[in-house]
Amino acid sequence: MKIDFKMIVPIVLSLIVFFVLCQFRTVPVSQFWKGYRILYVYTEELSESDILTILEQNGCASVISYGKQRLPVLSTLAPVQIQSDDSYLYRRNDFFTDKLHRALVFYIPDSQGVFLEKSIRQLSAFQGTVAGSDGKSSFPWVAPLLASLFFLLLFYFSRNKVLFSCGAAFFVLFAFCRPLYTVAASVCLFLFSFFLFHKFWRRKDFIKIALNSPYVLLFAFAPLLALFFSSPLLSFFYCISFLGSLSLVFLYHVVEEKKEKSYSFQPVFIRSARMMPVVGHTGIRLLGFLFAFLFALFLLFVFVGNVGGGSERSSMPSLPSPVSKTDAELVSLKDFVAWSWNTVTFPYRKIGENTPSDPKEGEVVSITDYVEENGKIVSVTNPAYIFNSEFKDGVYKSIDRLDYPALEKLMLAQGKNASFGYAKSASVSSSERFGSLMLLILLSLPFAAGLFYILGRKRYGLSV
C-alpha cells in the first residue's frame, strides 16, 4: 500500500502528540510545603553547619535553616529589645525540628530538589545519622488503571474495535502520563462519548447526527471545561489528546478507503445514522458502569488520595507543615505581623505600655510634636503607625526584601492566612486543584444523562 500525503499528515501529528504527552509526563510528589522540599536529619555527630556544607556541595543553596535566621524586622531607634519567653522569635524555632525535638529540619527550594537525594545518601552514610525528605514520589497506578479498565469494558462492547482503539489510544496514554483522578475521570467520559460516536461510523449523516447529540457533545467537551478550572495545563493536554485521536481516526479512514477501492463490491449500511439509537440498551448499561467508575475515583480521591505507601508515612516523623486552623500549633504570619507591630512601635510607647500584645485593627501609635502657634508653643499629636491593611502589606513586602533565606519567606509562600502545625503525611503536589468539586461535577454528568434518558423513554411508554 502506497503512502500518500493524506497519510503523512495524521502520522506526523500522531507522533507529535505522542512525543508531547510522553515528554511532559509527571508523577505526583508528596510534599508538605508549596515551593519547598523538607529535609529532616537525625544525627549524633553532625552539626547544622556540617549538614549545610554537604547540601551546598551538592547544589542545595538558599537552604532555610535555624542558624541562618536573623531579625526580620528592626527598629533603628531601639535595635535591642527584650523578648518574652513566648515571643515570635523564640516560637519560630519550632519550625526547625520535629514535634519530639529530635530531628533537625531544613527547607530546600523546589528548584534545587533534584540535588536532595544525593545529599540524603551522603548524610545517611554517617554513623548514627538518618536523613529523609517529604518528596516521596510513587506512581499512583489506581487512577490510570481504572481508566484502562473502563477502556477494556467499552472495547469489549464496541462494534468496530480497531476504530474505537484509534479514538481511545491517546486518551489512555494521557491518563498514564498525568496520573490524576480528575484526568482519569475526564478520560472515562471521553471514552464513553467516542463509544457512542463510533456506532454511527460511515452511516449516512453520521457526523451531523453525532454533532447534534447532546450525549456525545456533553461527555466529550464537559471534561475540557472541568479540567480548565482544575488546571489550564491539563485542559491543554486534553486538547492535545483529542488532536491525536482525530489524527488516528482520520488515518484509519484513509486506510479503510484504500482497502475498499481494491474491492469489486463495496457494501453500505442500510440503516442511516438517524435510525440508530444514540444510547440504546447497551449504552444505558455502560452509562451505569461509567457512573460506578467515576464514583470509585471520587471515593479514592477523598479517602486515599495520591500519597505514597503507608510504610513511608509511618516511618516519617511529625514535621512542621501547613495545616487547618484547628490543628495549628506553630506561629503564623499573623503572629509575625503582630510581633513586627510591637517591635517598630516599641520606642513610641510609654514604659508601662511596653508589654507586647496583639494589636487591634485600627490601633494607632502617635508621636507628640511641639509647634509654635501665635507666639506660643503647643503640642500636636501625629499618628506614627496605624495597624491596618497598609501596615500589613508593608510587612509582607519587607519579607520579599530580606537578603537571607528567611523562614518568613517560606510562610508567605503558603499564603497570608495559612496556619502551621505538625503532620506525618504530606499533601500531593499535582496541580489537581478543586479535585473533589471537579470529580463531583463530572460524576453528576452520567447520573443526569441516565436519568434524562430513562425518564424520556418512560414518558413515551418505551422500555429502558
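Colleague: Why is the pair E408 and R92 called a salt bridge?
Modeller: In this predicted model, the closest N and O atoms of E408 and R92 are 3.1 Å apart. The cut-off asks for a side-chain nitrogen of Lys or Arg within 4 Å of a carboxyl oxygen of Asp or Glu, so the pair qualifies.

Colleague: What makes this pair a tie between parts of the chain?
Modeller: E408 sits in helix 15, while R92 belongs to the loop between helix 3 and strand 3, so the bridge links parts that are 316 residues apart in sequence. Both partners are buried, too.

Colleague: How do you know whether E56 and K68 are buried, exposed or partly exposed?
Modeller: E56 has a relative accessible area of 47% and K68 has 23%. Buried means under 20% and exposed over 50%, so both values fall in between and the two residues are partly exposed.

Colleague: Why is D134 called buried, and what about R37?
Modeller: D134 has 0% relative accessibility and R37 has 9%. The cut-off is under 20%, so both are buried. The two also form a salt bridge, with the closest N and O atoms 3.7 Å apart. D134 lies in the loop between strand 4 and helix 5 and R37 in strand 2, so this pair joins parts 97 residues apart in sequence.

Colleague: Which residues do shared partners join into one network?
Modeller: R37, E117 and D134 are joined by salt bridges that share partners.

Notes. Residues numbered from 1 in each chain as written. Predicted model: local features only at pLDDT ≥ 70, side-chain atom pairs only at ≥ 80, totals over all residues. Heavy atoms only, no water. Helix = DSSP H or I, 4+ residues; strand = E, 2+ residues; numbered from the N terminus. Buried < 20%, exposed > 50% of the residue type's maximum accessible area, 1.4 Å probe, protein only.
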